[in-house]
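Subject: Structure handover and notes

Dear colleague,

Please find the structure below, with the sequence alongside. My notes follow it, and I would be glad if you read them with the model open.

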Amino acid sequence: LAHTLAGLPRVEVSPSDSNMLWLRTERPASEVFHELLARGILVRSFAERGGRLRHQLRVTVGTPEENDAFLSALVQVT
């Protein structure tokens, strides 16, 4: 999942050894969060805390099918 995300435009993924990834998006994280949610994809946004978190989302790695659904939705909204 991290490798695929790293190849997407307008998204940066931080290195991780856990089952969660931090993404930086060009668009405000709150906007991306709500658009993903409208497509049935739940991620974590800390945008309301401001600062560097304004553009950060936390994503939990799921099953291959869940990851594919997330990637498809993310491409549509970023």
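The contact is made by V32, E35 and L36 on the α2 side and by F70, A73, L74 and V77 on the α3 side, where contact means heavy atoms within 4.5 Å. Of the residues in this contact, six are nonpolar, none is polar and one is charged; here Ala, Val, Leu, Ile, Met, Phe, Trp, Tyr, Cys and Pro count as nonpolar, Asp, Glu, Lys and Arg as charged, and the others, Gly among them, as polar.

Before going further, please keep in mind that this is a predicted model, in which local features need pLDDT of at least 70 and side-chain atom pairs count only at pLDDT 80 or more, while totals for chains, interfaces and linings use all residues. Residues are numbered from 1 along each chain as its sequence is written, and side-chain values use heavy atoms, with hydrogens and water left out.

To return to the helices, two packed helices are described by the angle between their axes and the distance between the axes. Helix α2 covers residues 29-38 and helix α3 residues 64-77, and their axes come within 10 Å and cross at roughly 130°. The axes are lines fitted to C-alpha atoms, for helices over the stretch in contact, and the angles run from 0 to 180 degrees between N-to-C directions. The two helices are therefore oblique to each other, since angles under 35 degrees count as roughly parallel, over 145 as roughly antiparallel, 65 to 115 as roughly perpendicular and the rest as oblique. Helices (H or I, at least four residues) and strands (E, at least two) are DSSP runs, numbered from the N terminus.

Helix α3 also holds N67, which is buried at a relative accessible area of 13%; buried means under 20% relative accessible area, exposed over 50%, and partly exposed in between, with a 1.4 Å probe and protein chains only. Not counting residues up to four places away in sequence, N67 touches L1, V61 and G62. G62 itself is found in the loop between β4 and α3 and, at 29% relative accessibility, counts as partly exposed.

The structure holds one aromatic pair. W22 and F46 form this pair, which is tilted, with 5.6 Å centre to centre and 40° between the planes; rings of Phe, Tyr and Trp (its six-membered ring) pair if their centres lie within 6.5 Å, and planes under 30 degrees apart count as stacked, over 60 as edge-to-face and the rest as tilted. The pair links distant parts of the chain, with W22 in strand β2 (residues 20-25) and F46 in the loop between β3 (44-45) and β4 (56-60), 24 residues apart. W22 is partly exposed, with a relative accessible area of 32%, whereas F46 is buried at 8%.

Strand β2 also contains M20, which is partly exposed at a relative accessible area of 28%. Leaving out residues up to four places away in sequence, M20 touches R58, V59 and T60. M20 and V61 are 41 residues apart in sequence, yet 5.8 Å apart in space, C-alpha to C-alpha.

In strand β1 lies V11, which counts as buried at 6% relative accessibility. Apart from its neighbours within four places in sequence, V11 is in contact with L5, L23, R24, L74 and T78.

One backbone detail may deserve a look on screen. Most residues other than glycine have a negative phi, and most peptide bonds are trans. R10, although not a glycine, has a positive phi of about 65°. R10 is found in the loop between α1 (2-6) and β1 (11-13) and is partly exposed, with a relative accessible area of 41%.

Finally, E48 sits in the loop between β3 and β4 and is exposed, with a relative accessible area of 64%. E48 and S30 are 18 residues apart in sequence and 7.9 Å apart in space, C-alpha to C-alpha, whereas G62 and E48, 14 residues apart in sequence, are 25 Å apart by the C-alpha to C-alpha distance.
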